[in-house]
Amino acid sequence: MNILVTGARGFVGKNLCTSLKNLRDGKDRTRSLAVGEIYEYNSDTDSSLLDKYCAGADFVFNLAGVNRLKEQDDFMAGNFGFASNLLATLKRQHNACPVMLSSSIQATLTGRYAASEYGKSKLACEELFFNYAKETGAKVLVYRFPNLFGKWCRPNYNSAVATFCNNIANDLSIQVNDRSTELELLYIDDLVNEMLDALEGKEHHCEFEGMVAVSKAGGRYSYVPETYHVTLGKIVDFLQDFKSQPQTLLMPEIPNSSFAKKLYSTYLSYLPKEKVAFPLKMNVDARGSFTELLKTKSCGQFSINISKPGITKGQHWHNSKWEFFIVVSGHGLIQERRIGSDEALSFEVSGEKMEAVHMLPGYTHNIINLSDTENLVTVMWANEQFDPQHPDTYYEEV
């Protein structure tokens with residue numbers, strides 16, 4: 001399948017073309033799509049190539065367009081004008097392959113978009129495409145995208161999320177006039193997945209009730225089902241939490257498919273080099289070191305313990321707290337004894353054969369480095385964050 005992508009260097013185009021290349025080159029085997037040529041067309045592409053691309057394409061993604069201009073009248077020329085040229089070229093090449101149009105929720109011309117010149121130009125494009133479908137019998141997919149966010153989105157342009165992510169990551173100021181303002185947001189990976197679904201003939205259809213997409217089989221429009229309604233204030237609060245993570249080590253809750261998870265991925269893509277790596281506080285003494293790595297709100301914390309040759313660490317127990325010890329380098333012995341008894345457990349552990357050992361509540365425990373020359377490195381997970389006011393830790397030798 002040969003695919004033409006107009007506006008290939010834009011935010012959506014770059015992400016889509018990268019995914020298409022992964023499929024073409026066999027780097028992504030999650031789909032059975034056989035991608036052949038990927039024709040990337042941009043504003044500075046030799047215009048004579050459009051005929052060649054339209055002749056050879058089996059599917060067209062029209063992502064080209066303008067969304068920020070000095071003169072409002074230029075929206076119609078930039079959006080409707082190119083769309084007309086594209087469809088005319090397909091007709092000239094007698095190619096009735098499927099064509100997708102990237103439109104905008106502003107084309108509804110409702111609410112705050114009622115007087116949008118950009119929205120009017122997109123609505124004109126939509127009608128152009130629908131008429132083209134009637135005339136040629138070609139399959140046309142018209143998507144009205146809400147606000148988009150994700151990696152590679154240009155900040156300080158037309159995405160509040162991109163601007164906030166970039167500025168907060170780079171210690172620049174942001175301006176929020178009304179924290180209660182709500183945005184409908186679509187994540188770039190969800191959009192690209194829908195585009196790939198469309199290539200497989202599995203696109204989602206809807207009708208619009210105002211600005212709301214209502215799922216409907218055979219609906220006039222296509223849409224991405226998974227979007228998020230989030231206030232500006234909530235977005236900024238999330239980003240401030242993400243920014244503080246290297247200092248607090250606290251990872252916010254980021255459930256699968258949640259807005260928070262996708263926003264965090266987006267935020268990280270804007271980090272400057274000097275923030276990609278950050279130091280951890282190592283608690284060092286003659287026995288070795290102990291370093292907290294990561295804390296979570298509801299699932300405890302992770303740490304790294306290094307014991308020098310011959311050293312024994314631990315010798316304490318907990319009422320309720322429990323842990324995993326995982327030796328990743330070196331050779332050691334873990335011992336546990338039930339409090340108030342001689343009942344003892346021993347586990348010889350090594351980085352050569354990694355295993356997780358429970359530190360049981362009500363059992364005093366230790367870890368001994370059995371090597372005379374090599375450090376013992378242990379990854380430790382505790383089911384709760386350490387609370388110095390309630391440490392639940394009591395000294396007693398095994």
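1. The lining of the second largest pocket divides by class into 6 nonpolar, 11 polar and 7 charged residues. The structure discussed here is a predicted model. The volume of this second largest pocket is about 570 Å³. Its lining comprises 24 residues, and those closest to the pocket centre are Phe290, Asn305, His316, Glu323 and Met380.

2. The greatest contribution to the lining comes from S14, which supplies 4 residues.

3. The model has a count of 22 salt bridges. One of them pairs aspartate 44 with arginine 9, with 3.0 Å between the closest N and O atoms. This pair connects distant parts of the chain, 35 residues apart: aspartate 44 belongs to the loop between strand S2 (38-41) and helix H2 (49-56), and arginine 9 to the loop between strand S1 (3-6) and helix H1 (11-24). Both aspartate 44 and arginine 9 are exposed.

4. A second salt bridge is formed by lysine 120 and glutamate 117, whose closest N and O atoms are 3.2 Å apart. Here both partners belong to helix H4 (residues 117-136) and are separated by 3 residues, about one turn of the helix. Lysine 120 counts as partly exposed because its relative accessibility is 33%, a value between the limits of 20% and 50%. Glutamate 117, with a relative accessible area of 28%, is therefore also partly exposed.

5. Aspartate 171 and lysine 275 form a further salt bridge, in which the closest N and O atoms lie 2.9 Å apart. The two residues are 104 residues apart and link distant parts of the chain: aspartate 171 is in the loop between helix H5 (160-169) and strand S7 (182-187), while lysine 275 is in helix H9 (residues 273-276). Why is lysine 275 classed as partly exposed? The relative accessible area of lysine 275 is 25%, so this residue is partly exposed.

6. Salt bridges may also share partners. In this model, such shared partners join Arg31, Asp197, Glu200 and Lys202 into one network.

Notes. Residues are numbered from 1 along each chain as its sequence is written. This is a predicted model: local features need pLDDT of at least 70, side-chain atom pairs count only at pLDDT 80 or more; totals for chains, interfaces and linings use all residues. Side-chain values use heavy atoms; hydrogens and water are left out. On a 1 Å grid over the protein atoms alone, a cavity is a set of points where a 1.4 Å probe fits but cannot get out, and a pocket is an open set with protein on both sides within 12 Å along at least five of seven lines; lining residues have an atom within 4 Å of a point. Grid points are joined across faces, edges and corners, and a volume is the space filled by probe spheres set on the points. Ala, Val, Leu, Ile, Met, Phe, Trp, Tyr, Cys and Pro count as nonpolar, Asp, Glu, Lys and Arg as charged, and the others, Gly among them, as polar. A salt bridge is a side-chain nitrogen of Lys or Arg within 4 Å of a carboxyl oxygen of Asp or Glu. Buried means under 20% relative accessible area, exposed over 50%, partly exposed in between (1.4 Å probe, protein chains only).
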